[in-house]
Amino acid sequence: LRQRVFQRNRAILKENLAALQGWIADQHGLLKLMPPDAGGMAFMRYDLDFNSTELTTRLREEKSVLIVPGDCFGMDRFLRVGFGSEKSYLAAGLERTADFLAGLRS
């Protein structure tokens, strides 16, 4: 049973990481992924003139998306994103985030 759970989780992470990478590629160079060595969390560097706490606070308040600001880790201009959830949940969060980022660029 334990092995089946690990295999299932690895498959989810692999599929979701690919989805995250594809989504980042669609963001017109705004984001750069720092892929994890293991696990379901990754850092993304962004190219906007916003502090990461300000950016993630607005994202949470305006789009109900929770992403951790990089400056919590001493890494301003980075975001920490989890991608280990159900694929549809991740896709919905990424879609809301893309709408938010598009609004910042216009």
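## A walk through a predicted α/β chain

At 28% relative accessibility, R77 counts as partly exposed.

H28, which is not a glycine either, has a positive phi of about 55°. Most residues other than glycine have a negative phi. H28 is placed in the loop between α1 and β1, and with a relative accessible area of 68% it is exposed.

**The overall layout**

Stepping back, the chain has three helices and four strands. Read from the N terminus, these elements follow the order α-β-β-α-β-β-α. The radius of gyration is 14 Å, close to the 13 Å that the globule rule gives for 106 residues, so the chain is as compact as a globular protein of that length. Along the principal axes, its C-alpha atoms fill a box of roughly 50 × 25 × 25 Å.

As for burial, 33% of the 106 residues count as buried. The chain exposes about 6,800 Å², and carbon and sulfur atoms supply 53% of that area. On the charge side, there are 15 positive and 13 negative charges, and their mean positions are 9 Å apart.

**The nonpolar core**

Now for the inside. The largest nonpolar core has 25 residues, and those with the most contacts inside it are L20, W23, L31, M44, L48, L55 and L101. Two or more residues each come from α1 (2–25), β1 (31–34), β2 (41–46), α2 (52–63), β4 (78–82) and α3. Which element gives the most to this core? The answer is α3, with six residues.

L20, one of the residues with the most contacts inside the core, touches L33, M44, V81, F83 and L94, leaving out residues up to four places away in sequence.

**Some individual neighbourhoods**

L104 belongs to helix α3 (residues 87–105). Beyond residues up to four places away in sequence, L104 touches L48, F50, L55 and R58. The pair L104 and L48 is 56 residues apart along the chain, yet the C-alpha atoms are separated by 8.6 Å.

M34 is found in strand β1 and is partly exposed, with a relative accessible area of 39%. Leaving aside neighbours within four places in sequence, M34 is in contact with A42, F43, M75 and F78.

Is T56 buried or exposed? T56 lies in helix α2, and at 6% relative accessibility it counts as buried, because the cut-off for that class is under 20%. Setting aside neighbours within four places in sequence, its contacts are I67, V68, P69 and L79.

Here are the four residues whose accessibility has come up, side by side.

| Residue | Relative accessible area | Class |
|---|---|---|
| H28 | 68% | exposed |
| M34 | 39% | partly exposed |
| R77 | 28% | partly exposed |
| T56 | 6% | buried |

How values were computed
Residues numbered from 1 in each chain as written. Predicted model: local features only at pLDDT ≥ 70, side-chain atom pairs only at ≥ 80, totals over all residues. Heavy atoms only, no water. Contact = heavy atoms within 4.5 Å. Core = buried A, V, L, I, M, F, W, Y, C linked by side-chain atoms within 4.5 Å. Buried < 20%, exposed > 50% of the residue type's maximum accessible area, 1.4 Å probe, protein only. Rg over C-alpha atoms; globule rule 2.2 N^0.38 Å. Areas by Shrake-Rupley, 256 points an atom, 1.4 Å probe, with all protein chains shown as cover. Lys, Arg positive; Asp, Glu negative; His and termini not counted. Charge placed at Lys NZ, Arg CZ, Asp CG, Glu CD.
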